[in-house]
Amino acid sequence: QITKWQQFGDNFISRDVMYKNDSKTYPDSELVAEFYDELKPMIYLMKSFGLFPLQREKSDDSNFKRCKITLLYSILFYMGMNVFASYELWKKIKSMGSVDTQFDELMFTVVRFMYVLPHFYMIPCHWIEVTKVGRYFTCWYEFQEHFQTVTGKPLYLGLRKRAVLSALISPVIGVMYVLSETFLVKSSQFDWEMCFYMYVMTMIMLHVTWWWLVCSALRGAISTYKLDFFKDQSMFEYESSAIKVAQYRTLWMRISRLSRDTGMFMCYSYGHLSVLAFTVTTLQLYGSLSNIHDGEYLKHTGLAVCVILSAAMIYITANCAHHATEEIGPEFNENLSCICSSKKEVRRELKMFTQVLTTNSCVINLGGYVALNRGFLLNFVSTMVTYLIVLLQFRLGILSLSPVSNSTTSSRY
């Protein structure tokens with residue numbers, strides 16, 4: 001019998017009977033370790049860069065809305081930084097249009113040009129996606145509240161220390177990235193230009209670490225869920241366990257929806273970052289290889305460091321999403337298939353649970369355009385190699401036609 005694929009929504013969840021552990025309950029005021037509260041250090045730092053212009057509707061409410069004051073600050077910050085970004089963009093366009101620019105220098109200018117672009121779209125993307133971000137925080141609150149209702153204990157994600165360390169380390173990585181590229185590659189820039197690129201790279205690193213924290217929250221939630229659900233295999237031999245299995249099924253459906261919403265709530269921001277990472281990594285790898293050919297090993301080392309950091313951004317984004325979806329979907333399904341029971345009602349609930357697992361997708365994708373997993377990394381590398389070969393062919397063709405190479409070739413004979 002072929003089972004048609006379908007998504008079970010909130011109506012399906014609400015039809016199940018709520019299960020509450022009467023032995024130990026917690027009021028809503030004791031719902032500790034809330035997702036939004038644990039990530040506050042990162043959220044406040046990102047707000048200082050004009051990102052996440054939202055706030056709670058009330059201090060004790062789980063709903064979020066646009067914050068007019070933060071949005072006004074974001075607009076003023078964006079307009080102020082536009083002055084530097086527009087001037088830097090004009091310089092790069094003028095340099096690319098110069099007839100005296102060599103092919104290699106043109107590639108390096110394109111890399112710098114790509115660095116300027118995130119400023120123009122990252123902050124406006126947050127203006128557009130702020131309502132989806134607010135709904136995502138609300139979904140996390142509802143999931144943690146549901147988890148506490150079903151299990152009788154709050155869900156600790158353990159993200160506070162990671163959020164603090166990420167808020168401290170991300171700016172350092174952004175500054176070191178720009179300094180290493182500037183001094184090792186021997187790029188001539190003014191101090192204010194270096195500060196602008198440090199701002200852009202810090203903003204990019206904040207998004208990378210934010211994605212890592214969100215995926216870590218998903219993995220932490222499903223790990224705690226599995227520990228509580230599979231802790232006692234003998235409980236499935238009781239007829240009364242059927243209700244508990246049903247409630248754990250609805251709880252899994254909520255975390256499955258959270259995994260899908262993870263790729264949707266900031267799909268434009270991370271979609272643009274993926275394109276940026278691909279372009280910059282390809283061009284910097286080309287520059288590193290061409291400098292080996294020219295014997296400029298110091299410049300090659302600087303570009304190689306930049307290649308590693310650029311490739312690490314896309315690797316973290318795809319790999320974290322891959323591990324989160326694997327734990328929520330296939331790995332959990334494998335553990336569930338090992339459970340058996342002699343009770344008819346429990347077997348029926350376990351069978352329904354398995355059906356829900358097989359018919360609900362947990363893949364994290366960016367707005368339905370691309371799925372973030374290790375297959376995405378493979379496509380990334382294969383496409384990058386293709387374009388890298390094309391660039392190297394252009395370089396070899398230009399070198400074969402240059403007067404220096406022709407004179408060198410004739411002198412050998």
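The model is predicted, so local features are reported only at pLDDT of at least 70 and side-chain atom pairs only at pLDDT 80 or more, whereas totals for chains, interfaces and linings use all residues. Residues are numbered from 1 along each chain as its sequence is written, and side-chain values use heavy atoms, with hydrogens and water left out.

**The whole chain**

Begin with a cartoon view, in which the protein has 14 helices and two strands; these are DSSP runs numbered from the N terminus, helices being H or I with at least four residues and strands E with at least two. Of the 413 residues, 51% count as buried, a word used here for under 20% relative accessible area, with exposed meaning over 50% and partly exposed in between, for a 1.4 Å probe and protein chains only.

**The nonpolar core**

Next select Phe35, Trp140, Trp210, Phe229 and Trp252, which touch the most other members of the largest nonpolar core, a set of 114 residues. Helix α7, residues 191-229, gives the most to this core, with 23 residues. Such a core is a set of buried Ala, Val, Leu, Ile, Met, Phe, Trp, Tyr and Cys residues joined through side-chain atoms within 4.5 Å.

Now centre on phenylalanine 35 and show its contacts (heavy atoms within 4.5 Å): leaving out residues up to four places away in sequence, it touches Tyr136, Phe137, Trp140, Gln144, Leu157, Leu159, Val214 and Ala217.

**Rings**

Phe35 also belongs to one aromatic cluster, together with Tyr36, Phe52, Phe64, Tyr136, Phe137, Trp140, Phe143, Phe147, Trp210 and Phe265. Rings of Phe, Tyr and Trp (its six-membered ring) pair if their centres lie within 6.5 Å, and planes under 30 degrees apart count as stacked, over 60 as edge-to-face and the rest as tilted. By this rule there are 33 aromatic pairs. One of them is the tilted pair of phenylalanine 64 and phenylalanine 137, at 5.4 Å centre to centre and 55° between the planes. This pair links distant parts of the chain, since phenylalanine 64 lies in strand β2 (residues 64-66) and phenylalanine 137 in helix α5 (residues 103-151), 73 residues apart. Both residues are buried.

For a contrast in geometry, select phenylalanine 229 and phenylalanine 230, whose ring centres are 4.9 Å apart with planes at 70°, so the pair is edge-to-face. Phenylalanine 229 is buried at a relative accessible area of 0%, and phenylalanine 230 is buried at 16%.

On a 1 Å grid over the protein atoms alone, a cavity is a set of points where a 1.4 Å probe fits but cannot get out, a pocket is an open set with protein on both sides within 12 Å along at least five of seven lines, and lining residues have an atom within 4 Å of a point. The largest cavity has a volume of about 80 Å³, a volume being the space filled by probe spheres set on the points, which are joined across faces, edges and corners. Helix α9 gives the most to its lining, with four residues.

Finally, turn to the second largest pocket, which holds about 290 Å³ of space. Of its 14 lining residues, Gly271, Ser274, Val275, Val370 and Phe376 lie nearest its centre, and α9 supplies the largest share of the lining, seven residues.
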